[in-house]
Amino acid sequence: MIKIGIPKEIYAGETRVTLVPRMVAQLKSEDREVLVETDAGKGAAFLNHEYELAGAKIVTETETLFRESDVVFKINPPQMNDIKGKHEVDLMKLGSTYIGLLAPLQNRDIVQKMLEKKITSFALE
């Protein structure tokens with residue numbers, strides 16, 4: 001089963017979320033599960049129960065979401081999570097896939113971290 005992870009954005013002032021509840025059903029299938037971090041959609045006015053009703057599983061721990069996700073969708077490039085004391089790439093599963101903004105020419109350090117963890121990335125710039 002492929003697990004698609006939607007973490008809560010931690011970039012200061014960010015209110016967007018990469019997946020709205022009505023899109024969960026389009027991604028969810030017998031071989032795909034959608035994991036959404038608690039309150040990931042709150043800034044965009046989407047509540048946890050809306051994601052659950054659409055078929056997503058709400059995950060309370062940031063580390064669990066990243067560790068279990070085969071594919072991670074994000075708005076902003078991965079960054080240091082000061083609350084957890086770890087970089088988001090360090091939380092990601094070895095060999096997983098990242099889809100989101102990356103700015104790879106400006107964030108060579110992030111690209112290097114991803115390379116070391118064999119993370120495939122799709123930069124949406």
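How many positive and negative side chains does the protein have, and how far apart do the centres of the two sets lie? There are 17 positive and 19 negative ones, with the two centres 2 Å apart.

**Figure 1. The whole fold, as a predicted model.** As for burial, 40% of the residues count as buried. Among contacts with a separation of 6 or more, 62% come from residues 24 or more positions apart.

**Figure 2. Close-up of the E68–K3 salt bridge.** A search of the whole structure turns up 8 salt bridges, and this one has an N to O distance of 3.8 Å. It ties helix α3 (E68) to strand β1 (K3), 65 residues apart. E68 is partly exposed because its relative accessibility is 25%; K3, at 23%, is partly exposed too.

**Figure 3. Close-up of the K74–E9 salt bridge.** The closest N and O atoms sit 3.1 Å apart. K74 is in the loop between β4 and β5, while E9 is in the loop between β1 and α1. Are these two buried or exposed? Both K74 and E9 are buried.

**Figure 4. Close-up of the D90–K113 salt bridge.** This pair comes to 3.2 Å between the closest N and O atoms, and links helix α4 (D90) with helix α5 (K113), 23 residues apart. D90 counts as partly exposed at 40% relative accessibility, and K113 does at 26%. Elsewhere, salt bridges with shared partners join E9, K74 and E88 into one network.

How values were computed
Residues are numbered from 1 along each chain as its sequence is written. This is a predicted model: local features need pLDDT of at least 70, side-chain atom pairs count only at pLDDT 80 or more; totals for chains, interfaces and linings use all residues. Side-chain values use heavy atoms; hydrogens and water are left out. Buried means under 20% relative accessible area, exposed over 50%, partly exposed in between (1.4 Å probe, protein chains only). Contact means heavy atoms within 4.5 Å. Lys and Arg count as positive and Asp and Glu as negative; His and the chain ends are not counted. The place of a charge is taken as NZ of Lys, CZ of Arg, CG of Asp or CD of Glu. A salt bridge is a side-chain nitrogen of Lys or Arg within 4 Å of a carboxyl oxygen of Asp or Glu. Helices (H or I, at least four residues) and strands (E, at least two) are DSSP runs, numbered from the N terminus.
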